[in-house]
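Colleague: I would like to learn how to read side-chain features in a model. Could you take me through some cases?

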Amino acid sequence: MTSIQQLTFIKPEQFEWQEVATPTIESAGEAIVRPLAVTRCDLDLYMARGMYPMEGPFAFGHEIAGEVVEVGDGVKGFSPGDRVIVPFQINCGSCDNCQRGWTNACTTVEPFAAYGFAPRAERLWGGGLSDLLNVPFADAMLVKIPDGLSITGAAAISDNAGDGYRTVAEPLAQRPGADILILGGLAQSVGLFAIQAARALGAGRIVYRDYDAGRLAKAKALGAEVIETQYGPNLRATEEYPIVVEAAGLPDALTFAMRSTEPCGTCSGVSAGMSNRAQIPLRSMYMKGITYTIGRVHARTEIDHILNCAHCGTINPDEVITRSVPFSQAADAMMDPDIKIVFERD
């Protein structure tokens, strides 16, 4: 087979299935994986709609689970037929940053190297919505899917579920059993995955605010107390929490998140929103002693943590997925407003 099919982002609201060269094993540590399920990352929706600008063309889809079809001579931990999670960030597992668990900042590859995004260098990494995918550091990157975890749930663990987990894991390690406020919005599934993680890690009250009825219903089904909320500049906090997760991606929600964080509490941001500008109330944060954290998930590092919870039955990513779509219909469904779509191979 000299060519494969790949879903390619051309420009906002335009995708095409294109024929590209078949990926091959070029070094001993590589593997070829056949994607079987790809969940739509929250950010994918906004890239598809043009709200988060990226210049095409590039291969699309990065929350990937699939089957190993070929391995290089140097791959020790995987064989053809293994079902695996593919973390979306390219990481070698050997550099100082990877050894620290900072797998979103591997120094062996170019900055921000990842599947499913516009390339930052000459190397094209490909995307999950394709027939085959090259994994360059197979032993470091790939994770076998354990028994009892579906291929669809495994795909979500490669990014958004891990992002939800990291927003609450460290704060809860410092303050076990603490109450948590989660502000939902543009990061549609990450806020819901944060509910799952908070529940699995033994949080106290889990309160979820959002303006969308569908997400509020899903949050309630996941075990959170829900409060319908329209974010605005004058929205005042009625209660303060030791841990707050800002998954709304809106300037007014960020301000409300700070107002809702108790003195010496922690607020975790999920994204930088759709704008390069955001107002952070530094004076208020200083007076209250708030710790604010934001950054991209360390995808490979968080996969192991979530799998521990999935194995114990306390996290089930399939509870967040709202719709299944065949690969062949991915181009048409990419901009649908569903909370969490999974694309499954036809």
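This is a predicted model: local features need pLDDT of at least 70, side-chain atom pairs count only at pLDDT 80 or more; totals for chains, interfaces and linings use all residues.

Colleague: Where in the chain do Phe-15 and Phe-60 lie?

Modeller: Phe-15 is in strand 2, and Phe-60 is in the loop between strand 4 and strand 5. They are 45 residues apart, so the pair links distant parts of the chain.

Colleague: Is Phe-60 buried or exposed?

Modeller: Phe-60 is buried, at 0% relative accessibility. Phe-15 is buried too, at 11%.

Colleague: Which charged ends sit over rings?

Modeller: Two cases. The charged end of Lys-144 lies over the ring of Phe-78, 5.7 Å from its centre. That of Arg-215 lies over the ring of Tyr-211, at 5.1 Å.

Colleague: Now helix 6. How many of its residues are buried?

Modeller: Of its 13 residues, 11 are buried, so helix 6 is largely enclosed by the rest of the structure. Among the buried residues are Leu-192, Phe-193 and Ile-195.

Colleague: What do the buried residues of helix 6 pack against?

Modeller: Their partners include helix 1, helix 4, helix 5 and strand 9. After helix 6 comes Gly-202, with a positive phi near 85 degrees.

Colleague: And salt bridges: how many are counted?

Modeller: Side chains of opposite charge can pair when their charged atoms come close. The count here is 13 salt bridges. Arg-199 and Glu-319 form one, at 3.5 Å from N to O. Arg-199 is in helix 6, and Glu-319 is in the loop between helix 10 and strand 15, 120 residues apart. Arg-199 is partly exposed at 35%, and Glu-319 is partly exposed at 34%.

Colleague: Which residue forms a salt bridge with Asp-304?

Modeller: Arg-300, with the closest N and O atoms 3.2 Å apart. An α-helix has 3.6 residues a turn, so residues three or four places apart point the same way. Asp-304 and Arg-300 are four residues apart in helix 10, about one helical turn. Asp-304 is partly exposed at 36%, whereas Arg-300 is buried at 15%.

Colleague: Which residues are linked in a network of salt bridges?

Modeller: Arg-205, Glu-225 and Glu-239.

Note on methods
Residues are numbered from 1 along each chain as its sequence is written. Side-chain values use heavy atoms; hydrogens and water are left out. Helices (H or I, at least four residues) and strands (E, at least two) are DSSP runs, numbered from the N terminus. Buried means under 20% relative accessible area, exposed over 50%, partly exposed in between (1.4 Å probe, protein chains only). A charge sits over a ring if NZ of Lys or CZ of Arg is within 6 Å of the ring centre and within 35 degrees of the ring normal. Contact means heavy atoms within 4.5 Å. A salt bridge is a side-chain nitrogen of Lys or Arg within 4 Å of a carboxyl oxygen of Asp or Glu.
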